[in-house]
Amino acid sequence: MVLLENAQHVSRFIALANVNNPAKKKYLYAFSIVPLKNMDPAELVKQPQDVTENPYRKSLKESKKDKPAAAAAFQEEEPASQFFFDLGKKQQQGSVRKRHSEGDRPTQPKQPRRPPQPTGPCWFCLASPEVEKHLVISIGTHCYMALAKGCLTPDHVLLLPIGHYQSVVDLAAEVVEELERYKAAVRDFYKSRGRRCVLFERNYRSQHLQLQVVPVPVDRCSTDDIKEAFMVQAQEQQMELLEIPQHTDLKQIAQPGTPYFYVELDTGEKLFHRIKKNFPLQFGREVLASEAVLNIPTRADWRECKYSREEEESLTKKVREEFEPFDFTLMD
Ligand SMILES: [Zn+2]
């Protein structure tokens, strides 16, 4: 499950040959060991590119009979939200960075790192080989913006890191910085159209960070109404949704690898839920589609919001044009 689950510690196995074996295969290996407590938590759960599934998994699976759970986890990765993008010139930058960082060791976590790479196919890594370029609205240095597949409203967008980061708490500082610029730009964009900006992230059964950004007309609801809707629906589902101080860095309350759901309202107010199990995958969307907020309950399920490729193209083009005056990547 290494590749499918939330990030957790990775073990490294090294096979060595017998001492003085006639084939002269390597029988000595020098380790440079850093104690766990001195390691950056993000570094600790980072999965190396050559990571594989647990080779003993099969026998474990047979003994525990947990096969259905594994299959379910895989299927719920929301395949319909997938898209890929050809990175073009940014890929070259990536390879330059790679050369610089080849000496990277856990002992020097402050060194600039190249963006993490996916260990398998990822629908949101901008450098993935198969692309649905037509959904991309804007591309920065570390992040990009895309139309949400099956969007709740025609200007419901996603903010995503270009590299393979699982959640906001895993992001490198420079990625966080650009993500904040994007958030501010989208907030201004919505504001100019009389809309409040609601952001949410579900770090659960998702391999690549997708920050959902949904506009709510100012005259429909106040920020308090939106907050109330989240609170009420969380309570109905017996989920503890906590209001956290506005300037809380999520890293302070959620270690990398911890599943969570969080909402950021247009006032900067934040709601946080630590996911234990069975989190309703569409929760954020359901709340926003509900009568109390956007009142488009039939659109709560993204599978009911399918557009043709042509429709997606024209929606994306429209948002791209409208967002242009706010797009800092075009001004830098
Ligand atoms: Zn990815």
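Modeller: We may begin with Tyr27, which lies in the segment before α1 (41-45). Please note that this is a predicted model.

Biologist: How exposed is Tyr27, and which residues form a nonpolar patch with Tyr27?

Modeller: Tyr27 has a relative accessible area of 33% and is therefore partly exposed, since buried means under 20% and exposed over 50%. Together with Val19 and Leu28, Tyr27 forms a nonpolar surface patch with about 310 Å² of accessible area.

Biologist: Which parts does the pair of Phe189 and Phe323 tie together?

Modeller: Phe189 belongs to helix α5 (residues 173-192) and Phe323 to helix α9 (residues 309-323), so their pair ties together parts 134 residues apart in sequence. Phe189 counts as buried, at 1% relative accessibility, and Phe323 counts as buried at 1%.

Biologist: What geometry do Tyr260 and Tyr262 have as a pair?

Modeller: The pair of Tyr260 and Tyr262 is tilted, with 6.4 Å centre to centre and 55° between the planes. Tyr260 is buried at 0% relative accessibility, and Tyr262 is buried at 3%.

Biologist: Which residues do ring pairs link into a cluster?

Modeller: The cluster consists of Phe200, Tyr204, Phe230, Phe261, Phe279 and Phe283.

Terms used. Residues are numbered from 1 along each chain as its sequence is written. This is a predicted model: local features need pLDDT of at least 70, side-chain atom pairs count only at pLDDT 80 or more; totals for chains, interfaces and linings use all residues. Side-chain values use heavy atoms; hydrogens and water are left out. Patches are made of residues with over 30% relative accessible area and no salt bridge: like charges are joined within 9 Å, nonpolar side chains (Val, Leu, Ile, Met, Phe, Trp, Tyr) within 5 Å. Accessible areas come from the Shrake-Rupley method with a 1.4 Å probe; for residues, only the protein chains shown count as cover. A salt bridge is a side-chain nitrogen of Lys or Arg within 4 Å of a carboxyl oxygen of Asp or Glu. Helices (H or I, at least four residues) and strands (E, at least two) are DSSP runs, numbered from the N terminus. Buried means under 20% relative accessible area, exposed over 50%, partly exposed in between (1.4 Å probe, protein chains only). Rings of Phe, Tyr and Trp (its six-membered ring) pair if their centres lie within 6.5 Å; planes under 30 degrees apart count as stacked, over 60 as edge-to-face and the rest as tilted.
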